[in-house]
Amino acid sequence: MKASSPPNELMAAWLRAAERFGTKAAPDLALQTGVGDRTLSGPVTASNGTPAWLRVMRATKAGGRTWEGSALAAATLDDEIPRPALIGEHEWSGPSGSMFQALLWERLTGRVVSRAPDLSEPVTLSDPWWTELRDGLEHLRRTAVPEHRQRSHTPGFIERMPRFIPELEGLDLTVPAWETSHCDLHWANLTAEPLAIIDWEGWGQAPVGYDVAVLHTYALPAPEMAAKVREVFADVMETEAGRFAQLVISAEVIQASERDDLHVRLLPYVRRRVGELLASM
């Protein structure tokens, strides 16, 4: 996310939500816009005086995986999974026909591990932090996902993986198994001191090991951190399912590199990792 001048309609929606929840914000607050100017977020003080975070999302229509994901996670997931508490939710339609969703969250006390999804240098994270992350993901994978919720990847995407990794052509690309996952576990969605996992829009069923594969892939530019992920999650990454999950996120990065700079940065590291994975198969 980045600080910028938000569209007028989205800014008006954020201010409406702030008033609806009875929150207060600093008059000179610089709000954060999401990719494609789809979301607008910023710190507020809740009506009871506690620090909170208000996020407003705009969509063409209500419903769907992303729209319902955060509130569904708040209602479904175990308290043992470290994440901010949802304080309030409000939905409405705008004058242009757009739909808006406002979510008021407990404000995090920890620092975001990285402002960008990927790492460019090592970061300091304690052994208890890694242990808590492992435990949280274990609780998550044991959580049942509502039957109506779509999986992270369609059969069509899995079938198209050889377009991005030609060496996979002709191989069996059946997903070995599925498990409940965050589905976007990169370094900008984690905090330290204390740990919290944020941004639950897309959670649901993903290939086994996918969360760890994402974390590892976005750490590749910082070899020490990638090695740490492999060490902590060796029991996941060094399995057939874990290697398959790494190929899935690798195909996603290669595809995304056609349209954004973040994944262009990751591309050489991912291609190298694909070579290592294929050599081990």
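Me: What share of the 281 residues in the chain is made up of buried residues?
Reply: A residue is called buried under 20% relative accessible area, exposed over 50%, and partly exposed in between, with a 1.4 Å probe and protein chains only. In this chain, buried residues make up 49% of the 281 residues. The model is a predicted one, in which local features need pLDDT of at least 70 and side-chain atom pairs count only at pLDDT 80 or more, while totals for chains, interfaces and linings use all residues. Residues are numbered from 1 along each chain as its sequence is written, and side-chain values use heavy atoms, with hydrogens and water left out.

Me: How many helices and strands are there in the chain?
Reply: Helices (H or I, at least four residues) and strands (E, at least two) are DSSP runs, numbered from the N terminus. By that reading the chain has 9 helices and 11 strands. Its radius of gyration is 19 Å, close to the 19 Å that the globule rule gives for 281 residues, so the chain is as compact as a globular protein of that length. The radius is taken over C-alpha atoms, and the globule rule is 2.2 Å times the number of residues to the power 0.38. Along its principal axes, the C-alpha trace spans about 55 × 40 × 35 Å.

Me: What percentage of the contacts in the chain with a separation of 6 or more comes from residues 24 or more positions apart?
Reply: A contact means heavy atoms within 4.5 Å. Of the contacts with a separation of 6 or more, 71% are between residues 24 or more positions apart.

Me: At what angle do helix 5 and helix 6 pack?
Reply: Axes are lines fitted to C-alpha atoms, for helices over the stretch in contact, and angles run from 0 to 180 degrees between N-to-C directions. Helix 5 (residues 210-217) packs against helix 6 (residues 223-232) at an angle of about 160 degrees, and their axes are 9 Å apart. That makes helix 5 roughly antiparallel to helix 6, given that angles under 35 degrees count as roughly parallel, over 145 as roughly antiparallel, 65 to 115 as roughly perpendicular and the rest as oblique. In this contact, Val 212, Leu 215 and His 216 of helix 5 meet Ala 226, Val 229 and Arg 230 of helix 6. By class, these residues are 4 nonpolar, 1 polar and 1 charged, where Ala, Val, Leu, Ile, Met, Phe, Trp, Tyr, Cys and Pro count as nonpolar, Asp, Glu, Lys and Arg as charged, and the others, Gly among them, as polar.

Me: How do the axes of helix 5 and helix 8 cross?
Reply: These two axes come within 8 Å and cross at roughly 50 degrees, which makes helix 5 oblique to helix 8. Tyr 210, Ala 213, Val 214, His 216 and Thr 217 in helix 5 meet Ala 245, Gln 246, Val 248, Ile 249, Glu 252 and Val 253 in helix 8. The residues of this contact divide into 7 nonpolar, 3 polar and 1 charged.

Me: What covers the buried residues of helix 4?
Reply: The cover includes helix 8 (240-256) and helix 9 (261-280). Within helix 4 (residues 155-164), the buried residues are Phe 157, Ile 158, Met 161, Pro 162 and Phe 164.

Me: Is Ser 70 buried or exposed?
Reply: Ser 70 is buried, with a relative accessible area of 6%, and its place is in helix 2 (residues 65-76). Not counting residues up to four places away in sequence, Ser 70 touches Leu 103, Trp 105, Trp 200 and Glu 201.

Me: Which residues does a cis peptide bond join?
Reply: Most residues other than glycine have a negative phi, and most peptide bonds are trans. Here a cis peptide bond joins Glu 193 and Pro 194, with omega about 0 degrees. Glu 193 also has a positive phi of about 50 degrees although it is not a glycine; it lies in the loop between strand 9 and strand 10 and is exposed, with a relative accessible area of 64%.
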